[in-house]
Amino acid sequence: MDLETISARLSALQEAGLAAIAGATDPEGLETVQVAYLGRKGELKTLLGGIGALPAEDRPHVGAIGNRVREALEAALDARRLELDAAALDARLAREAVDVTLPGRPFRRGSLHPLIETNREIARVFGQFGFVVYEGPEVETDVRNFQALNIPPDHPARDLWDTLYTDMPGYLLRTHTSPGQIHVMQQAAPPIRALLPGRCFRYEAVDASHGFEFFQVEGLMVDEGTTMADLRGLLDAFAHAMFGGGRPTRFRPGYYPFTEPSVAFDVQCVICDGAGCPSCKRTGWMTILGAGMVHPVVLRNGGLDPERYQGFAFGMGTDRIAILRYGIDDIRMFIENDLRFLEQF
Amino acid sequence: MRVPLSWLREYVDVDLPPEALADRLTLLGMEVQGIERRGADWQRIVVGELLSVEPHPGSDHLLVTTVRTGPSEPLLTILTGASNVAAGQRVPVAVPGAVLPGGRRIEVTRMVGRESQGMLCSGDELGLTTDADGILILPSEAPVGAAMADVYGDVVLDVDVKPNRGDALSLLGLAREVAAATGARVRWPEIVLSESGELAADRLTVEVADERLCPRFVARRVDGLAIGPSPLLVQARLTAAGMRPVSNVVDASNYVMLELGKPIHTFDAAAIEGGRIIVRLARPGERLETLDHVERELSPDTLLIADPRGPLGLAGVMGGAASEVSDGTTAIVIESAVFDPVSIRRTAHRYALRSEASLRFEKGQETRLARIGADRVAQLVAAWSGGRVAPGRIDTAPEEPAPTRLPFRPSRVVRLLGAPIETGEMRALLARVEIETTTARQGDEVPIAAGMPGIVLDAASAGEALVAVIPTHRRDLEIEADVAEEIARVRGYDRIPGRLPETPMPVYRPDPRRAVDAIRDTLAGRGLDEVVTHALIGPADHERLGIPTEDPATIRVTNPLSVDHSQLRRSLLPGLTRVLVENERQRREDLALFEVGHVHERAGGEPREHSMLGVLLAGDQAGAAWNQPPRPADLWDVRGLVDSLCARLGIEVRHAVRAPSIAPYEHPGRTAVLQIGGPEGRAVELGRAFEPHPRYLESIGARATHVAVALLSLEALQEALRPSHRYVPFPRVPAVERDLAIVIGERQSAGEVERVVREAAAPLLRGLRLFDLYDGAPLAPGERSLAFRLTLQAADRTMTDDEIDAAVGKVVDALAGRLGARIRS
């Protein structure tokens with residue numbers, strides 16, 4: 001064999017190899033082509049095996065041609081491999097296509113009860129002004145629920161609270177969170193800024209706006225100089241936080257045996273914005289809480305000198321605040337726990 | 001208190017429209033809760049004059065009347081079934097097209113062959129009086145043709161008088177408040193008596209056994225009277241004020257009660273034996289038939305009005321039937337007394353007889369009203385019934401107390417209110433509620449609180465102080481703070497400026513709700529819905545838990561609204577399962593709920609309450625969907641939930657052990673006691689996780705068959721919370737994993753295996769996970785294979801194979817030695 005012949009054969013091998021590579025349609029086919037042309041017993045090896053028959057001066061020349069052929073085939077193999085891989089991946093992805101409009105895998109939503117969340121929100125607002133949370137018992141003594149709050153036995157003001165009594169003499173179900181005032185004054189020294197959320201009980205027939213169990217939040221602030229003006233300022237700040245800044249508020253006389261002076265605090269009706277509607281009995285106002293300056297007898301019963309210390313207390317119905325915030329028209333929703341209700345919170 | 005404005009105007013001028021007046025009263029502390037326009041629903045009802053009244057030819061009970069309703073109106077022929085009409089009378093006429101209260105329309109109708117062009121109205125049909133028996137006969141001066149609403153319409157304010165203001169439970173009292181608001185003057189009714197005949201004292205005596213219970217008793221006698229209806233105006237006023245007109249005598253006492261706030265009782269004088277009235281406590285065994293015709297056994301602390309024969313009435317609460325003023329009464333005795341408020345309140349409560357009278361007595365009475373009220377009733381009875389007032393009163397305590405002096409410091413008022421009010425303004429404001437002020441003297445005592453010594457003024461402080469002279473009707477003003485309220489009230493609370501506090505802040509206090517809120521947030525984040533259920537549940541709820549109705553540890557309510565809410569819950573379970581059942585009715589059967597709340601018990605004579613967390617899972621917990629099968633709730637759901645909650649809080653659930661004893665509501669084979677690490681390494685019981693017993697679910701009417709519950713002590717959780725949270729460095733060296741399939745017998749539990757592995761592999765063990773559980777061939781019956789993956793890691797170095805093998809060997813040896821477990825290879 002001469003140089004010319006071998007060159008021509010190499011050239012033909014390259015042509016044939018490239019064609020075979022291009023013709024391979026999957027990685028396995030490509031592998032077969034690679035073995036056939038470039039393997040240890042492949043055509044290129046076989047062809048170059050005949051190089052010994054050439055004159056010595058031709059051998060490097062043929063070797064160089066052989067390397068070029070090898071390189072060309074290897075480059076073509078690599079390129080073809082990438083092409084086939086990409087095509088295979090494309091094909092797989094095409095097979096994996098789904099209807100993306102199908103719904104996702106469900107997760108439970110979860111919800112927090114609006115009454116408890118309202119308590120938390122109230123605590124958050126007053127917390128900004130330094131109020132801290134205390135807790136008191138649901139089963140209270142008559143002494144703390146009434147007598148220490150300046151409501152002796154047989155006092156006409158007891159009519160303000162229809163009480164549920166227990167079979168434990170001297171104990172009743174607290175009718176309000178106000179006995180917490182005594183608990184706080186007995187365990188903390190002024191300056192006091194306290195909040196007491198809790199469940200309360202009254203002998204009250206159930207309807208859309210009453211229940212025999214309900215939640216209240218009590219507030220107490222006592223030091224040497226807290227005035228009714230401070231009460232007003234804080235209640236205004238609270239009302240604006242809960243019901244929107246700029247909503248008008250009203251401060252008017254109320255009556256509680258444990259505050260003097262006593263206050264009823266109104267906000268402009270959140271339903272009709274003051275125009276007058278059935279919800280506000282056409283007055284344009286809604287009473288959201290009762291308050292007042294802590295009665296000197298209560299300060300004394302809490303162990304404080306009423307000549308030195310003064311302050312205010314307030315009590316609000318969590319249910320009422322929640323009703324106004326969420327636009328609920330029946331407080332029975334709170335305790336019925338219908339999922340259709342709970343899931344909205 | 002219902003206040004007809006036409007009546008109120010007798011005592012004070014009112015120029016304001018009703019809404020404006022209502023606002024002013026509300027801002028003064030007399031909250032107006034409603035405004036009723038009486039007559040607003042009388043449409044086309046006019047004053048008519050009966051020109052003729054003749055029998056209906058075709059009926060023996062109908063009358064045919066001819067009615068004139070104005071000079072230029074055509075005459076109307078109107079049929080009526082009432083028999084009290086006569087020609088010449090003026091009556092309310094509903095002309096065709098009229099609408100009566102309640103929406104009833106009046107048109108031209110035919111009755112027994114005659115046309116009726118409208119209707120004559122009774123007082124009851126208009127709501128003007130309560131008389132439904134006959135046509136309302138109007139006074140002869142009623143203007144014919146005028147709309148009834150213009151003549152007899154009225155506006156009634158519903159005023160919420162607070163318990164401390166008994167003095168304002170009257171028209172006169174509210175007239176004073178109107179005067180304070182507007183600056184108008186109060187007009188007292190003119191009380192003039194013309195007395196004649198025998199002296200009252202000659203035929204009437206009053207003995208009071210206990211002056212503490214009856215500090216004053218004033219009596220008068222009226223003779224020669226004729227019982228009949230009171231004037232229409234009076235009936236209309238009483239009706240508008242919410243009282244039922246009865247007769248001229250009874251109406252007179254009710255009229256005065258509403259006018260002055262003084263409850264007064266009238267007796268038939270003939271029923272008082274020997275004219276001797278005795279005020280005393282009941283004797284054992286005494287009985288009395290009260291006005292409501294109920295025979296009552298009297299308890300010995302009941303204050304009575306009696307005569308020598310026995311009880312006549314319950315003092316201040318209700319009279320007796322035997323001495324009641326009746327149609328045949330010709331002479332009456334008027335009782336106008338002051339009683340001990342507490343005694344009256346107790347009596348009214350004991351016999352469940354709370355009346356307008358007792359409500360006023362229990363708030364305390366102004367002493368002088370006993371005299372004034374007796375005179376006023378005598379005057380009105382004489383005027384309305386033609387009686388003669390016997391000369392003189394019987395009065396057990398004629399001396400009347402003077403106004404009290406209440407020293408106060410204007411500077412303290414300013415300090416309390418936070419509003420700079422000049423002393424001169426304070427005096428002017430107090431004058432508007434009839435409180436005069438004078439200068440204070442050295443030695444005057446400023447009352448701070450009842451039962452506590454006041455502040456005695458020295459020469460310097462007396463110069464700054466004032467004395468409020470409290471009129472006798474204001475029994476509520478007792479201490480300095482009361483004066484402050486009065487000043488603020490009359491000035492207007494709304495004029496107190498709002499400001500934010502500048503006083504020192506309290507010391508920091510950790511929020512006791514923080515852990516609870518973290519738990520709530522975590523559980524809601526895990527997809528649970530928070531519920532709030534009743535703390536009061538029924539004995540049946542407790543019975544189903546195995547707690548007997550009469551269990552001594554249960555706290556019961558003695559006056560429950562219903563038996564279903566008569567006991568304080570010992571457990572959160574009944575509330576949670578009730579939510580389950582209620583939602584099942586709405587076809588919502590897959591639930592995940594939790595509640596944070598208190599449970600109650602009686603322990604050692606004291607009430608104890610415990611804060612608890614209850615979790616209830618029912619139905620599908622996976623959220624079945626097109627690509628996901630349902631997974632009914634079971635014990636492992638709730639166990640995993642509690643584990644993850646504790647992990648979130650930084651608390652390790654140490655152990656779950658099979659409950660040593662099972663409650664009747666728990667599945668005997670699926671109830672675990674959960675323990676966590678407490679202080680000083682002690683194991684603390686956190687609570688129980690269980691599937692409810694099928695019989696329990698059946699007993700509450702639940703349809704669900706797959707339910708899992710956890711009832712946990714929040715107190716235990718809170719106690720276990722780490723006070724400080726410190727970062728623990730984690731090793732940077734590689735960890736290795738080894739799987740062990742551990743075969744145990746019937747008597748061993750997974751919990752025991754886990755405990756042994758943890759103890760034997762410490763301190764190299766960084767993770768332990770049960771990834772497979774197998775029973776069946778080739779294992780022997782009762783054997784189980786637990787496949788655990790151990791993650792091992794040294795703190796400071798890469799472990800060698802020898803070290804790892806040694807550690808695993810230790811575990812295997814411990815399992816074999818302590819549990820007899822073998823390794824399955």
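**Exercise 1. Determine how helices H7(B) and H8(B) are oriented to each other.**

*Solution.* Step 1: Locate the helices, which are DSSP runs of H or I with at least four residues, just as strands are runs of E with at least two, numbered from the N terminus. H7 covers residues 232-240 of chain B, and H8 covers residues 248-260 of chain B.

Step 2: Find the angle. The axes of H7(B) and H8(B) come within 11 Å and cross at roughly 55 degrees. Axes are lines fitted to C-alpha atoms, for helices over the stretch in contact, and angles run from 0 to 180 degrees between N-to-C directions.

Step 3: Classify the angle. Angles under 35 degrees count as roughly parallel, over 145 as roughly antiparallel, 65 to 115 as roughly perpendicular and the rest as oblique. H7(B) and H8(B) are therefore oblique to each other.

Step 4: List the contact residues, contact meaning heavy atoms within 4.5 Å. Val234(B), Gln235(B), Arg237(B) and Leu238(B) of H7(B) meet Asp251(B), Asn254(B), Tyr255(B) and Leu258(B) of H8(B). These residues comprise 4 nonpolar, 2 polar and 2 charged. Here Ala, Val, Leu, Ile, Met, Phe, Trp, Tyr, Cys and Pro count as nonpolar, Asp, Glu, Lys and Arg as charged, and the others, Gly among them, as polar.

The structure is a predicted model, in which local features need pLDDT of at least 70, side-chain atom pairs count only at pLDDT 80 or more, and totals for chains, interfaces and linings use all residues. Residues are numbered from 1 along each chain as its sequence is written, chains are lettered from A and ligands numbered from 1 in the order in which they are written, and side-chain values use heavy atoms, with hydrogens and water left out.

**Exercise 2. Describe the packing of H8(B) against H11(B).**

*Solution.* Step 1: H11 spans residues 368-385 of chain B, and its axis lies 9 Å from that of H8(B), at an angle of about 140 degrees. That makes H8(B) oblique to H11(B).

Step 2: The contact of H8(B) with H11(B) divides into 11 nonpolar, 4 polar and 3 charged residues. Among them are Val256(B) in H8(B) and Trp384(B) in H11(B).

**Exercise 3. Classify the angle between H12(B) and H15(B).**

*Solution.* Step 1: H12 (residues 410-417) and H15 (residues 480-491), both of chain B, have axes that come within 10 Å and cross at roughly 70 degrees. That makes H12(B) roughly perpendicular to H15(B).

Step 2: Arg412(B) and Leu416(B) are among the H12(B) residues that meet H15(B), whose partners include Ala484(B) and Ile487(B). The contact holds 7 nonpolar, no polar and 2 charged residues.

**Exercise 4. Characterise the interface of chain B and chain A, including its salt bridges.**

*Solution.* Step 1: The contact takes 103 residues from chain B and 93 residues from chain A.

Step 2: About 8,500 Å² is buried between the chains, and carbon and sulfur atoms give 56% of this area. Buried area is the accessible area (1.4 Å probe) that two parts lose on being put together, summed over both.

Step 3: The interface has 17 salt bridges, each a side-chain nitrogen of Lys or Arg within 4 Å of a carboxyl oxygen of Asp or Glu. Arg412(B) pairs with Glu307(A) in a salt bridge (3.7 Å, N to O).

Step 4: Asp517(B) forms a salt bridge with Arg120(A) (3.8 Å, N to O). Asp517(B) lies in H16 (residues 514-525) of chain B and Arg120(A) in H5 (residues 114-127) of chain A, so the pair joins two chains.
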